[in-house]
Amino acid sequence: LRFFEGALERSGTGFLVGEGITYADLGLFYTLYELMEEDNVPDFAERFGLPRLGEFVETVAARPRVAEFLRSETRMPRYG
């Protein structure tokens, strides 16, 4: 996780590479979003001192299409 924290710091854009969201960002977001679930480590950013990753998750989750997907019935449930 510290690698990605550093990558976000180096990019300075809030994304891993470049000015906009990429597949790499979406892959990282998905992993972090799962990590933040209530039964995992919802406060991982604060607990492990990773503020950029915390901001990253909030930023990506707030994107209209991502937010719509997260609320949708098409999102695969975590446990079946």
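The points below take up the model itself, then the helices, then the aromatic pairs.

1. This is a predicted model, in which local features need pLDDT of at least 70 and side-chain atom pairs count only at pLDDT 80 or more, while totals for chains, interfaces and linings use all residues. Residues are numbered from 1 along each chain as its sequence is written, and side-chain values use heavy atoms, with hydrogens and water left out.

2. Helix α2 (residues 23-35) and helix α4 (residues 51-61) pack at an angle of about 105°, their axes 10 Å apart, and are therefore roughly perpendicular to each other (65 to 115 degrees). On the α2 side the contact (heavy atoms within 4.5 Å) is made by Asp25, Leu26, Leu28, Phe29, Leu32 and Tyr33, and on the α4 side by Leu53, Phe56, Val57, Val60 and Ala61.

3. In helix α1 (residues 2-11), Glu5, Gly6, Ala7 and Leu8 are buried (under 20% relative accessible area), and the buried residues of α1 pack against α4. Gly12, which follows α1, has a positive phi, near 70°.

4. There are two aromatic pairs (ring centres within 6.5 Å).

5. Phe29 is buried, with a relative accessible area of 6%, and Tyr33 is partly exposed at 24%.

Note on methods:
Axes are lines fitted to C-alpha atoms, for helices over the stretch in contact, and angles run from 0 to 180 degrees between N-to-C directions. Helices (H or I, at least four residues) and strands (E, at least two) are DSSP runs, numbered from the N terminus. Angles under 35 degrees count as roughly parallel, over 145 as roughly antiparallel, 65 to 115 as roughly perpendicular and the rest as oblique. Buried means under 20% relative accessible area, exposed over 50%, partly exposed in between (1.4 Å probe, protein chains only). Rings of Phe, Tyr and Trp (its six-membered ring) pair if their centres lie within 6.5 Å; planes under 30 degrees apart count as stacked, over 60 as edge-to-face and the rest as tilted.
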